[in-house]
Amino acid sequence: MSQDIETNRNPVILAAQVILTIVVLVGGFILLQHMQSVKILMTIFAVLWGLGSTALLFFTLNMIAESMPRKIRATAVAFVFAGPAVIILLWALVIPTLRTLRLSFMDANARSFVGLANYKFAFTNPTMLEAFRNNLLWMIFGTFFCVTLGIIIAVLADKSRHEKLFKSLIFMPMAISFVGAGVIWKFIYAYKGEGFNVTEIGLLNAIVTAFGGKAQAWLLIPFWNNFFLIIIMIWLQTGYAMVILSSAIKAIPGEINEAARVDGANSFTIFFKITIPYIMPTIITVTTTILIFSLKLFDIVRVMTGGNFGTNVIANEFYLRQFTYGNSGQASAIAIILLIVIVPVLIYNLKDFRGRRTLK
Amino acid sequence: MSKVKKARVNPIVAIVLIIIVVAWTVPTFGVFVTSWRDSRDIYASGWWTVLPHKDIVKTGEIIIDKDIPLDAPFEIEGTSATFQQWREGVQLEDGRTLRWYGNKRTKKVEVFENKWIGFGANLTTQNYKDVLTGGTITFEDGNGNTITRQGNNFADAVLNSIAVSIPATIIPILIAAFAAYAFAWMEFPGRKPLFIMVVALLVVPLQIALIPILRDYTRWGLNGTYVGMWLAHTGFGLPLAVYLLYNYISNLPRDVFESAYLDGASPFTTFVRLVLPLSIPALASFAIFQFLWVWNDYLVALVFLGDKNRVVTAALAAMVGEKGQDWHVLTAGAFMSMIIPLTVFFSLQRYFVRGLMAGSVKG
């Protein structure tokens, strides 16, 4: 390795390097805007330029930092390493939170302050109240079934010979987008309508009619349609709960189960008296994660019903307020409410982090 | 030890598991099968009819002697019944069903049998061709009507998704790895509060950031650009990336860094030559996590890309909105959107699970 630490860089080379970096960054961006015609070329260029310029930026910034006087060099290098991440986080999350907070006290076009009017809207408007109710359904039923099924499958699969295969298949929906899942389930709920000699092509209606029932437009049934949407989330997220819980179950020392068995405990006793208490911390983590997830749920509702027919949720109302009604004040208030609901988890994370480890 | 236990599998456990797994797999399987079926068939019958199943099918005809009087019960194939009964269909002892065809003058009986039908589907790649093209497509619906539509140009959407996802995966990794190394092994003012900020941001819902960032983008002309998407996804992915990589890099053995320092290596050299190669498992975990997240993301794409440079999720969602009943293109589109993430998922599942475990606090 080199003796770089002792020697400062040649200023001419450094200047050339800086200029080159700027040219690549700016030139690439301009070039990219003019490449719309050949999509595949543009894609390749976009990927190469995006990655190349990030690496180049770090390289150049580091060069500048290393050319600093020795006294401040170590700090300068540290800032170059941590700086981009910190700046992007400030720009993308920290400052927007403050800006959104400010917007939430302003009118639709962010021109004048309206006090708490947007929050009053959020907690009294019937559409909002319906969205809150539905989110509650999602959080209670969606989370409950994801976690319960996750535990059951994890425990059963643990006893099975084809554990890996079963778990892979249950886990697979995690790789599918909510939009894709929306199409998959829309097809299951498909309804052809009344009429002579109609063959239902939707699986659910086919099953229902095979048992002598009447075909239904499932997504239009008031109130219950929420549950048909929640099923989609259960389908998507149970795999997540299962995988995390499964590894927690495998971490239970074998001797404990053996000892219980020797004492005459059956599988159910072991499950409720040993397995569940032992994996409780994991259950809480998984439950929290899925709760947050169902609070922010957007895609499924957007794709399946657009929030119509009494299926609206907060995140969809956020989108509608901002992009359909053009009311950034109301949308911001909704976003702030989402954040406030999550704050307890945030505080818990911080406490947990402080308790678990201190920065070295 | 676990092997011994698994030798005696409770049959109830096995059955329950199989039922759950089938229930979990059938929805995707149905879409997969449908995407290869002829459009007319899709609207005429359920996808499950391509599977081998028992159905009543016509297997032949019998012409009846003209002279047999039809007023009294008469015999066909050794069974006797009245004309009215023949008309409604009579099941023979061998399981076949005979049914008089038409009126009394036709003198024809059709033979039906409850038979197994094999994979009797018209498989086609037309649905995929239709969904990939941006040109005009025509197809026949269940009633035989020809329908003309504008294609959805999924080919472009796939390219857009690639152009968005790959940099939006690797850029945050690179930035986060540098930062994680600095947080773990360097001294600088503000290190601790800044890292606490990272931990706090793990669960912040991204809705909070969409409107302000959108305003910035409108001002900077970044709406609808790849760069805008990369930046946004980098911002939203960074807390988890820094957190995960910090946990990993801070646990690397101290001697590694000390010997590199004694050799005179600069921090940059140490990072590129040592930290990055040593952190590959953690980098891979996050990479898969972030790639799947970005590829499957709909909200961020909807807000910052709009209708320009549509990615697959946005293209698919638009298709659901515009042609909610065109199942032949919808299913093909859904499957197109799943191929790449499913491939990544199944080939790198182990890393994905590891990332998931470490990051189960992400918001």
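**The complex as a whole**

Begin with both chains displayed. For this predicted complex, the predictor reports an ipTM of 0.89 and a pTM of 0.85.

**The interface between chains A and B**

Select the residues of chain A that touch chain B. On this side there are 98 residues of chain A, in contact with 103 residues of chain B. Next, highlight helix H3 of chain A, residues 70-103, which supplies the largest share of the chain A side, 20 residues. Colouring that side by residue class gives 64 nonpolar, 23 polar and 11 charged residues.

**The three domains of chain B**

Select domain 1 of chain B as 2-47 + 122-150, then domain 2 as 53-117 and domain 3 as 154-358. Between the C-alpha centres of domain 1 and domain 3 of chain B the separation is 31 Å.

Select the residues at which these two domains touch: 14 residues of domain 1 of chain B are in contact with 13 residues of domain 3 of chain B. Three elements of chain B each give two or more residues to the domain 1 side, namely helix H2 (11-35), helix H3 (39-44) and helix H5 (126-132). Of the elements on that side, H5(B) gives the most, with five residues. By class, the domain 1 side of this contact in chain B holds seven nonpolar, five polar and two charged residues.

**Confidence along chain B**

Finally, colour chain B by pLDDT. Its mean is 84, and 93% of the residues of chain B reach 70 or more. Which elements of chain B have the lowest and the highest mean pLDDT? Helix H1 of chain B (residues 2-7) has the lowest, at 48, and helix H8 of chain B (residues 207-220) the highest, at 93. Zoom in on residues 1-5 of chain B, where the pLDDT is below 50 and the stretch has one contact in the model beyond near neighbours in sequence.

Note on methods
Residues are numbered from 1 along each chain as its sequence is written. Chains are lettered from A and ligands numbered from 1 in the order in which they are written. This is a predicted model: local features need pLDDT of at least 70, side-chain atom pairs count only at pLDDT 80 or more; totals for chains, interfaces and linings use all residues. Two residues are in contact if their C-beta atoms, placed from the backbone, lie within 7 Å. Helices (H or I, at least four residues) and strands (E, at least two) are DSSP runs, numbered from the N terminus. Ala, Val, Leu, Ile, Met, Phe, Trp, Tyr, Cys and Pro count as nonpolar, Asp, Glu, Lys and Arg as charged, and the others, Gly among them, as polar. pLDDT is the predictor's confidence in each residue, from 0 to 100. Domain bounds come from an automatic or database domain assignment.
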